[in-house]
Amino acid sequence: MIYTMTMNPAIDYVVDLPEFKTGEVNRVLEEHIFYGGKGINVSVVLRELGFESCCLGFVAGFTGSEIERGLKEELGLSSKMIHVDEGMTRINVKIHSQEESELNGMGPRVKQKDIDQLFNQLDSIHDGDVFILSGSVPHGMSKDIYCDILKRLSQKSVKVVVDATGDLLMKTLAYHPFLIKPNNHELADLFHTKLETIDDIEYYARQLQKMGAQNVLISMAKDGSLLIDENGVCHRLGVYQGIVKNSVGAGDSMVAGFVAGYLLGYDYQDTLKLATASGGATAFSSGLASRQKIEELLMR
């Protein structure tokens with residue numbers, strides 16, 4: 001079984017307009033609502049690739065109830081979200097104009113009793129399962145929560161994927177996650193440095209592997225992707241060509257493509273191809289990647 005964990009899911013309200021002007025009334029040309037959050041995005045694309053998963057996370061208020069309804073009725077996904085008492089699930093506004101802008105909500109306040117309920121869920125995960133941790137944590141939650149989760153799972157043979165930033169990611173390396181996926185900018189931030197060449201990116205990706213990660217996947221936008229696999233082999237792939245319509249969820253789609261490729265028994269080079277095509281298919285679409293778009297890119 002595959003589990004995706006979205007600590008702080010959201011309803012994403014995405015609008016398109018030719019020009020966004022601050023201090024003025026802006027009228028949109030097109031609008032969409034998505035049930036968002038990095039883990040949820042991974043689950044959506046995994047389903048496109050033929051793999052069912054269960055969405056875990058914390059929700060609250062009427063927006064949380066709508067996410068649960070949407071996951072089941074609109075997306076056809078299984079979920080075991082935990083309802084918390086304080087706050088509400090975020091509404092994030094994404095503005096697509098001459099530049100992309102975002103306004104992200106705070107999310108609910110998670111208490112210890114809610115975390116205890118999550119740990120009870122973790123106890124039902126079995127050897128051989130895949131557990132994907134993605135994104136930020138709700139306001140007020142300990143930044144050690146990812147480590148606490150990995151520690152809870154450490155006695156089981158679970159493939160853990162971590163897609164997070166900063167200390168939230170770095171602290172998990174001691175638990176040897178199966179895959180981590182920073183982008184090149186996040187990689188630079190992790191080491192407080194400037195990455196000027198592909199060789200620089202490879203060097204610091206290898207440092208993350210030395211610190212504990214088994215596989216390190218780096219997304220590099222227009223420069224494609226780079227993977228240091230668990231055997232220490234470096235794989236590089238250029239970007240698929242297309243018109244970029246949307247950057248939201250492209251990294252999550254890469255994670256889904258990587259997990260799907262691995263579970264299908266692909267070698268790491270072909271797994272990287274599927275991951276990169278999945279990310280590109282989202283970038284070239286108004287929403288998340290479809291199987292048809294992924295296959296179209298793979299055939300080029």
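Tutor: Here we take the labels one by one. This is a predicted model, where local features need pLDDT of at least 70, side-chain atom pairs count only at pLDDT 80 or more, and totals for chains, interfaces and linings use all residues. Residues are numbered from 1 along each chain as its sequence is written, and side-chain values use heavy atoms, with hydrogens and water left out.

Student: Why is His192 called exposed?

Tutor: Exposed means over 50% relative accessible area, buried under 20%, and partly exposed in between (1.4 Å probe, protein chains only). His192 has 75%, so exposed is the label.

Student: And what makes His176 partly exposed?

Tutor: Its relative accessibility is 46%, so His176 falls in the middle class.

Student: What is said about phi of His176 and His192?

Tutor: Phi of His176 is near 55°, a positive value, and phi of His192 is near 50°, also positive. Most residues other than glycine have a negative phi.

Student: What makes Lys113 and Asp85 a salt bridge?

Tutor: The rule asks for a side-chain nitrogen of Lys or Arg within 4 Å of a carboxyl oxygen of Asp or Glu. For Lys113 and Asp85 the N to O distance is 2.7 Å, which meets that rule. The partners sit 28 residues apart, with Lys113 in helix H3 and Asp85 in the loop between S5 and strand S6; helices (H or I, at least four residues) and strands (E, at least two) are DSSP runs, numbered from the N terminus.

Student: How do you know that Glu86 and Lys111 tie separate parts together?

Tutor: Their side chains meet at 3.0 Å, N to O. Glu86 lies in the loop between S5 and S6 and Lys111 in the loop between strand S7 and H3, so the pair joins parts 25 residues apart in sequence.

Student: Why are Lys273 and Asp270 about one helical turn apart?

Tutor: Because they are 3 residues apart in helix H9.

Student: What makes H9 mostly covered?

Tutor: 13 of its 16 residues are buried.

Student: Why do S1 and S4 count as paired?

Tutor: Pairing needs at least two bridges found by DSSP. S1 and S4 are joined by 5, so they pair, and they run parallel.
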